[in-house]
Amino acid sequence: MDKVRIGIIGCGGIANNKHMPSLAKLPHVEMVAFCDIIEERAQKAAKDFGTPDAKVYVDYKDLLARKDIDVVHVLTPNKQHSFITVDALESGKHVMCEKPMAINSAEAKKMLDAAKRTGKKLTIGYQNRYRPDIQYLKKCIENGDLGEIYYAQALAVRRRGVPTWGVFLDAENQGGGPLIDIGTHALDMTLYEMNNYEPQMVVGSTFRKLADTENAANPWGSWDPKKFTVEDASFGFIKMKNGATISLNATWALNTLRADDGKIMLCGTKAGADTLGEGKNTLRINGEKFSKLYTTVPDLSAGGVDFYEGSGGGRPEEIEARMWIDHVMDDSKPLVVKPEQAYVVTQILEAIYESARTGKPVYFD
């Protein structure tokens, strides 16, 4: 195909700040349809990013009824991801769905099954995989530099960073708080680097300890405790079938001076690595050589580095969009975020919530 015609379902913050600006930079893309339950938002999106003849909808099924749309981006609250994605796949569209894959693993499985049944392409919006530090580290791991990775930390810790807009604080629409919101990114990066998607057991705890604070310090303004119906902190211990263990910490509000959001640490038999460094060169690799310990900080500040052939560099969300559209246009181009991988992320997140609720470990088959 010469052009990929895209429909946007959900024209809120993630659409305006991530997906639509990134798609607008691609020469082979046309955004021809915009849907939102608030019609004014769809109208603004069409004006800012659409083709001159772009159409606006308030019912996503009317958008899906169009035969001239190739791809749909599902950018709604978490609860709606599953059924909109399934309907889109069934209507013959390829789908990019924003993270997390779904509100629970049963809904995520419906999406996975629909993609297999229809033969349409499905990916999930985990753009942090495309960060320079994550891509460089992936090459090191594939080269065997770290050896066997047997311990990891997935960190999404904010001292204060509660999103107060939209439905982020609404358990019904989101399915959870920081764990499903930002913890999902940290876990995805960790599993991706380890190339390990076989969990054996999960133990988890969630807390709602600071949510009732009135007039709380918060970069996006104080939250309303009455509307704060999700956890403010969550912690999980994940044991994989090969014995490797992962510690996952995800908080929106925690009384700590060590706030590491979107960070990972990996420990292997040959070396270790983390993304806890300062500035642009966040990646640090550590090990032992000639009876001495060493730390290496690769210089990732240079622009224009292609971490995938033909990627052209750019911000992670721009690379994500380009890689996705390239895959839609050409099957030989890699799909970096596979739905099967995102499904495992959702399974683990759900297990942490379940363990926290029951006080018991959750075992996988």
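Colleague: About how much space lies in the largest pocket?
Modeller: Keep in mind that this is a predicted model: local features need pLDDT of at least 70 and side-chain atom pairs 80 or more, while totals for chains, interfaces and linings use all residues. Residues are numbered from 1 along each chain as its sequence is written, and side-chain values use heavy atoms, leaving out hydrogens and water. A pocket here is an open set of points on a 1 Å grid over the protein atoms alone, with protein on both sides within 12 Å along at least five of seven lines. For the largest pocket, the space comes to about 1300 Å³.

Colleague: And which residues lie nearest the centre of the largest pocket?
Modeller: The lining has 46 residues, where lining means having an atom within 4 Å of a point. Elements that give two or more of them are α1, α4, α7 (171-174), α8, β11 (261-268) and α9, with helices (H or I, at least four residues) and strands (E, at least two) taken from DSSP runs. Nearest the centre are G13, I14, E98, W165 and F168.

Colleague: Which elements give two or more residues to the lining of the second largest cavity?
Modeller: This cavity has a volume of about 30 Å³. K18, H19, S22, H73, M96, E317, E320 and A321 line it. The elements giving two or more are α1 (13-24) and α9.

Colleague: How many residues of α4 are buried?
Modeller: Helix α4 spans residues 81-90 and is mostly covered. What covers its buried residues includes β1 (4-9), α3 (60-64), β4 (71-74), β5 (94-98), α5 (105-118) and β6 (122-125). H81, S82, I84, T85, V86, A88 and L89 are buried, meaning under 20% relative accessible area with a 1.4 Å probe on protein chains only, where exposed is over 50% and partly exposed is in between.

Colleague: How do α6 and α8 run: roughly parallel or roughly antiparallel?
Modeller: The axes of α6 (residues 132-142) and α8 (residues 178-194) come within 9 Å and cross at roughly 25 degrees. I134, Q135, L137, K138 and I141 in α6 meet M189, Y192 and E193 in α8, with contact meaning heavy atoms within 4.5 Å. Angles under 35 degrees count as roughly parallel, over 145 as roughly antiparallel, 65 to 115 as roughly perpendicular and the rest as oblique. So α6 to α8 is roughly parallel.

Colleague: Last one: what is omega for the peptide bond from K99 to P100?
Modeller: P100 is in the loop between β5 and α5. The bond from K99 is cis, with omega near -15 degrees.

Technical notes: Axes are lines fitted to C-alpha atoms, for helices over the stretch in contact, and angles run from 0 to 180 degrees between N-to-C directions. On a 1 Å grid over the protein atoms alone, a cavity is a set of points where a 1.4 Å probe fits but cannot get out, and a pocket is an open set with protein on both sides within 12 Å along at least five of seven lines; lining residues have an atom within 4 Å of a point. Grid points are joined across faces, edges and corners, and a volume is the space filled by probe spheres set on the points.
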